[in-house]
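Dear colleague,

Please find below the structure that I am handing over to you.

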Amino acid sequence: MQRLRLKADGRIVEVLDGREVPLVPDMPGSNAPSRGATTAPVVRDLRLRAKLTQAEFASRLGVPLETIRNWEQGKRSPRGPARALLTVIAHEPDMVFAALARRS
């Protein structure tokens with residue numbers, strides 16, 4: 001059974017032999033100024049893999065369209081719960097979108 005832990009900064013890590021291993025190593029984990037540059041392609045890639053427009057992606061996640069634009073342009077970076085959700089989407093997009101569709 002896979003053991004996962006949600007960290008305070010929104011990262012999801014797997015616990016293996018007492019060690020924490022990031023599930024998505026390419027998601028930025030620090031508050032470094034260059035963070036937006038690496039976040040933008042990750043968010044855009046997730047959206048494109050889901051074959052969604054920015055408006056559709058924003059609607060499914062329940063965030064404003066401007067938020068998705070800011071993430072993709074590197075103006076802002078997802079934090080906390082949004083980053084955790086994007087991490088899960090990276091691994092199980094169909095499951096996440098199906099679960100989110102049931103919330104309304």
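The notes below describe the sheet, then the helices, and then some single residues.

This is a predicted model, in which local features need pLDDT of at least 70 and side-chain atom pairs count only at pLDDT 80 or more, while totals for chains, interfaces and linings use all residues. Residues are numbered from 1 along each chain as its sequence is written, and side-chain values use heavy atoms, with hydrogens and water left out.

The sheet

Three strands form an open sheet in the order β1-β2-β3, with antiparallel pairing. Strands here are DSSP runs of E of at least two residues, helices are runs of H or I of at least four residues, and both are numbered from the N terminus. Two strands are said to pair if DSSP finds at least two bridges between them. The edge strands are β1 and β3 (19–22), each of which pairs on one side only. From one strand to the next, the twist averages 40°; axes are lines fitted to C-alpha atoms, for helices over the stretch in contact, and angles run from 0 to 180 degrees between N-to-C directions.

β1 and β2 are joined by three bridges, and R5 has V13 in β2 as its bridge partner. The hairpin of these two strands has five residues between them, and G10 there takes a positive phi near 95°. Two residues lie between β2 and β3 in their hairpin, and D17 in the turn has a positive phi of about 50°.

β2 is largely enclosed by the rest of the structure, because four of its five residues are buried. Buried means under 20% relative accessible area, exposed means over 50%, and partly exposed lies in between (1.4 Å probe, protein chains only). L16, which is found in β2, counts as partly exposed at 34% relative accessibility.

The helices

In helix α2 (residues 54–61), the buried residues are F57, A58 and L61. They lie on the same side of α2 because they cover an arc of only 100° around the axis, the arc being that of the directions from the helix axis to the C-beta atoms. After α2 comes G62, with a positive phi near 75°.

The axes of α2 and α3 come within 8 Å and cross at roughly 115°. Q54, A55, F57, A58 and L61 of α2 make the contact with L65, I68, R69, W71 and E72 of α3, contact meaning heavy atoms within 4.5 Å. These residues divide into seven nonpolar, one polar and two charged. In this grouping, Ala, Val, Leu, Ile, Met, Phe, Trp, Tyr, Cys and Pro count as nonpolar, Asp, Glu, Lys and Arg as charged, and the others, Gly among them, as polar.

Single residues

N70 belongs to helix α3 (residues 65–73) and is buried, with a relative accessible area of 15%. Neighbours within four places in sequence aside, N70 is in contact with K75 and R76.

K7 is placed in the loop between β1 (4–6) and β2 (12–16) and is partly exposed, with a relative accessible area of 24%. Leaving aside neighbours within four places in sequence, K7 is in contact with V13 and E20. K7 and P81 are 74 residues apart in sequence and 9.9 Å apart in space, C-alpha to C-alpha.

With kind regards
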